[in-house]
Amino acid sequence: MLVADYIDVLKGTFLFHSLSIGETADILSMDGVTVATFKRGEFLTAFKENCSSLAIVLSGAINVYKPINGGLNFPVTKLNPGNIIGAACMFSKDKSAPNDCIAAFDSKVLMLEERTLLTLFSKYPNMIYDYLSYLTERIRFLSQKMEGFAQNGVYGKLLNYLLKNAINGVIELDMSMVTLSKTLSISRASLYRVLEDMEQSGIISREGRNIYVNAERERADI
């Protein structure tokens, strides 16, 4: 991947879109700015590990997982070129990473140290506005997601049941769907609908009486 390709990706991000090509190229040579390579399956950050740099995916893809009690890792999202990692850790007293970030393929990532971000904000004030706008949009998005989970009690009940009862990411149902719906105090129709939604979203997959929480399956394939 050439420097020109890096610039094209960076110019498509909220952080660099207001800068010129020359200004963006200059940033790539600054102290505290590095391009790191991560092999498929390699951790970019691990849950609770110190996170002191902002990362921008330049090529490849990064899988994001949320560790959950019981040893399961819940798939959150897949980050593609132009996506940003670590914004929540910047300028925070708590530098611990909130998720596991693992290379889905061989990937290149631009790493911006916090002190370098401060230098850039001082030099390019528009970047401050763009950064704050991004954080505000993320807060609004997460707030809407939380409202959706709170309203969708069926989804929450089923997800909680799956996460608590999965062994190595697998649940072998020893009951009928009728019994499961009664156990969760939801209707059969609602249970089938939410199971189908989860399957279409890739959260679970089903084979016979087995339900797989796909975080563990994806980790096994890496």
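# Close-up views of a predicted model

**View 1. Strands β1 and β8 run side by side.** β1 and β8 pair in the antiparallel sense over 6 bridges. Everything in these views comes from a predicted model. As background, strands of a sheet pair through backbone hydrogen bonds, in either a parallel or an antiparallel way.

**View 2. Here is the largest nonpolar core.** This core has 28 residues, and those touching the most other members are Leu-15, Phe-16, Ile-27, Leu-54, Leu-110, Leu-112 and Tyr-131. Two or more residues each come from α1 (3-11), α2 (21-28), β3 (53-59), β8 (107-113), α3 (114-123) and α4 (125-151). Helix α1 gives the largest share, with 4 residues. In soluble globular proteins, nonpolar side chains tend to be buried together.

**View 3. Now focus on Leu-112 and its surroundings.** Which residues does Leu-112 contact, leaving aside its neighbours within four places in sequence? They are Leu-15, Phe-16, Ile-27, Gly-32, Val-33, Ser-53, Leu-54, Ile-56, Leu-117 and Leu-120.

**View 4. Thr-116 sits in helix α3.** Is Thr-116 buried or exposed? Its relative accessible area is 2%, so Thr-116 is buried. The side chain of Thr-116 reaches the backbone oxygen of Asp-31 at 3.1 Å. Beyond its neighbours within four places in sequence, Thr-116 is in contact with Met-30, Asp-31, Gly-32 and Val-33.

**View 5. Follow helix α5 from end to end.** Helix α5 covers residues 153-165, and at 1.5 Å a residue its 13 residues should span 18 Å. The C-alpha atoms at its ends are 18 Å apart, which agrees. Buried residues in α5 are Val-154, Tyr-155, Leu-158, Leu-159, Tyr-161, Leu-162 and Leu-163.

**View 6. Glu-42 lies in the loop between β1 (33-38) and β2 (43-45).** With 35% relative accessibility, Glu-42 counts as partly exposed. Glu-42 and Phe-105 are 63 residues apart along the chain, and their C-alpha atoms are separated by 9.0 Å. Setting aside neighbours within four places in sequence, Glu-42 is in contact with Thr-37, Cys-101, Ile-102 and Ala-103.

**View 7. Two loop residues have positive phi values.** Lys-48, in the loop between β2 and β3, has a phi near 75°, a positive value in a residue other than glycine. At 57% relative accessibility, Lys-48 counts as exposed. Phe-91 is found in the loop between β6 and β7 (100-103), and its phi is near 60°. Phe-91 counts as partly exposed, at 37% relative accessibility.

**View 8. Step back to the whole chain.** The secondary structure comes to 8 helices and 11 strands. Of the 222 residues, 42% count as buried. Among contacts between residues at least 6 apart in sequence, 71% join residues at least 24 apart. The accessible surface of the chain comes to about 12,200 Å², and 52% of this belongs to carbon and sulfur atoms.

Definitions and conventions:
Residues are numbered from 1 along each chain as its sequence is written. This is a predicted model: local features need pLDDT of at least 70, side-chain atom pairs count only at pLDDT 80 or more; totals for chains, interfaces and linings use all residues. Side-chain values use heavy atoms; hydrogens and water are left out. A nonpolar core is a set of buried Ala, Val, Leu, Ile, Met, Phe, Trp, Tyr and Cys residues joined through side-chain atoms within 4.5 Å. Buried means under 20% relative accessible area, exposed over 50%, partly exposed in between (1.4 Å probe, protein chains only). Contact means heavy atoms within 4.5 Å. A polar contact is a pair of N or O atoms within 3.5 Å; within protein, one must be able to donate a hydrogen and the other to accept it, and residues adjacent in sequence count only if both atoms are side-chain atoms. The expected span of a helix is 1.5 Å times one less than its number of residues. Accessible areas come from the Shrake-Rupley method with a 1.4 Å probe; for residues, only the protein chains shown count as cover. Two strands pair if DSSP finds at least two bridges between them.
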